[in-house]
Amino acid sequence: MSSMRGSRRTTVEMPDGMTFDVLSLPDLVQAKKTQRDKDWPMIRRLVEADFSGRREAATVADIRFWLRELRTPELLVAVAAAHPERCPVLIPERALLKHALRGDAPALELELATEESKEREADRRYWEPLRAEIEKLRHMKTRTRWG
Amino acid sequence: MRAHRVRALLMGGQACISYGAADFSRDVDLAIVSSLQNIHALRKAMASLQAEVIAVPPLNVNYLRKATRSISAVTIRQRKACASI
């Protein structure tokens, strides 16, 4: 798998040499911030997996990404403790980092739940006006062949 | 898709698997560049797979443009409305 943080895609190479392009991890994480229950544990797993795989050779972009997107209180505390100088600039966009800097995992857990709740609500608001339109299309739908 | 030079990025559950996060996924979600040329290529690719449209909205460049102008210009909210095939 090859990717650069900041690129919008990752290229995956299969054992047989075939390659395909995948949405970049930061974009995928954003796309998963929906109102669906199943997406939130997935976001947590995605960022944890990234942290686990890249922590030994982390770039500044990696650290920023983890501070913005980690949903695991203990890991957020660990990243903030290891890179406290990266937090102040990100606190305006993610206020819960102040709890990470203090090492307050219980407070972080509460704030992460609030953050998730706000994202779910934003997603609901986004889809609300589109729902009627999609319903209308659904009624008009006919099974058609491509081409 | 590759044979027909469709410009698309894998997203959704299959993309999560490729990033090492286990998931159960029965479909393939793609973010598709919404140009006429690309839609034409996609139609050919789907036709070669004998695929059928089973969900709304229809694969029409106007609907895709409403969702996303291009991969490079895609925004968080827009991406959620990308076509799922």
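Two strands are said to pair if DSSP finds at least two bridges between them. In the predicted model described here, strand S1 (residues 8–11) and strand S2 (residues 29–32) of chain B meet this condition, pairing in the antiparallel sense over 4 bridges. Within this pairing, B:Met11 has B:Asp29 of S2(B) as its bridge partner. Strand S1(B) is covered on both faces: B:Ala8 and B:Leu10 are buried on one side, and B:Leu9 and B:Met11 are buried on the other.

Chain B as a whole contains 4 helices and 3 strands. Along the sequence these elements follow the pattern β-α-β-α-β-α-α. Of the 85 residues in chain B, 33% are buried. When contacts in chain B between residues at least 6 apart in sequence are considered, 51% of them join residues at least 24 apart.

The mean pLDDT of the chain is 74, and 68% of its residues reach 70 or more. Among the elements of chain B, strand S1 has the highest mean pLDDT, at 92, whereas helix H4 (residues 76–79) has the lowest, at 38. The pLDDT is below 50 over residues 68–85 of chain B, a stretch that has 34 contacts in the model beyond near neighbours in sequence. Where pLDDT is low, the predicted coordinates should not be read in detail. For the complex, the predictor gives an ipTM of 0.81 and a pTM of 0.82.

Chain A contains 6 helices and 3 strands, arranged along the sequence in the pattern β-β-α-α-α-α-α-α-β. The radius of gyration of chain A is 19 Å, well over the 15 Å given by the globule rule for 147 residues, so the chain is more spread out than a compact globule. Taken along the principal axes, the C-alpha atoms of chain A fill a box of roughly 55 × 40 × 25 Å. Buried residues account for 25% of the 147 residues in chain A. Of the contacts in chain A between residues at least 6 apart in sequence, 33% join residues at least 24 apart.

The strand pairing in chain A involves strand S1 (residues 9–13) and strand S2 (residues 19–23), which run antiparallel and are joined by 5 bridges. A:Thr10 stands opposite A:Val22 in S2(A). The two strands form a hairpin with 5 residues between them, and in this hairpin A:Gly17 takes a positive phi near 95°.

In helix H3 (residues 60–69) of chain A, the buried residues are A:Ile63, A:Phe65, A:Trp66, A:Leu67 and A:Glu69. Their cover includes helix H1 (25–31), helix H2 (39–54), helix H4 (73–82) and helix H5 (97–102) of chain A. In H4(A), the buried residues include A:Pro73, A:Leu76, A:Val79 and A:Ala80. These residues cover an arc of only 130° around the axis, and therefore lie on the same side of H4(A). The buried residues of H4(A) pack against H3, H5 and helix H6 (105–140) of chain A.

A:Gln30 lies in helix H1 of chain A and is partly exposed, because 19 other C-beta atoms lie within 10 Å, whereas a buried residue has 20 or more. The C-alpha atoms of A:Gln30 and A:Ala80, which are 50 residues apart along the chain, are separated by 21 Å. A:Ser117, in helix H6 of chain A, is exposed, because 10 other C-beta atoms lie within 10 Å and the limit for an exposed residue is 12 or fewer. The C-alpha atoms of A:Ser117 and A:Pro84 are separated by 27 Å, with the two residues 33 apart along the chain.

The largest nonpolar core has 39 residues, and those that touch the most other members are A:Leu23, A:Leu28, A:Leu46, A:Trp66, B:Leu9, B:Met11 and B:Ala15. The largest share of this core, 5 residues, comes from H2(A). Leaving aside residues up to four places away in sequence, A:Leu23 touches A:Arg9, A:Leu28 and A:Ala31, together with B:Leu9, B:Leu10, B:Met11, B:Ala15 and B:Ala31. Among these partners, B:Leu9, B:Leu10 and B:Met11 are buried residues of S1(B).

How values were computed:
Residues are numbered from 1 along each chain as its sequence is written. Chains are lettered from A and ligands numbered from 1 in the order in which they are written. This is a predicted model: local features need pLDDT of at least 70, side-chain atom pairs count only at pLDDT 80 or more; totals for chains, interfaces and linings use all residues. Two residues are in contact if their C-beta atoms, placed from the backbone, lie within 7 Å. pLDDT is the predictor's confidence in each residue, from 0 to 100. The arc is that of the directions from the helix axis to the C-beta atoms. A nonpolar core is a set of buried Ala, Val, Leu, Ile, Met, Phe, Trp, Tyr and Cys residues joined through C-beta atoms within 7 Å. The radius of gyration is taken over C-alpha atoms; the globule rule is 2.2 Å times the number of residues to the power 0.38.
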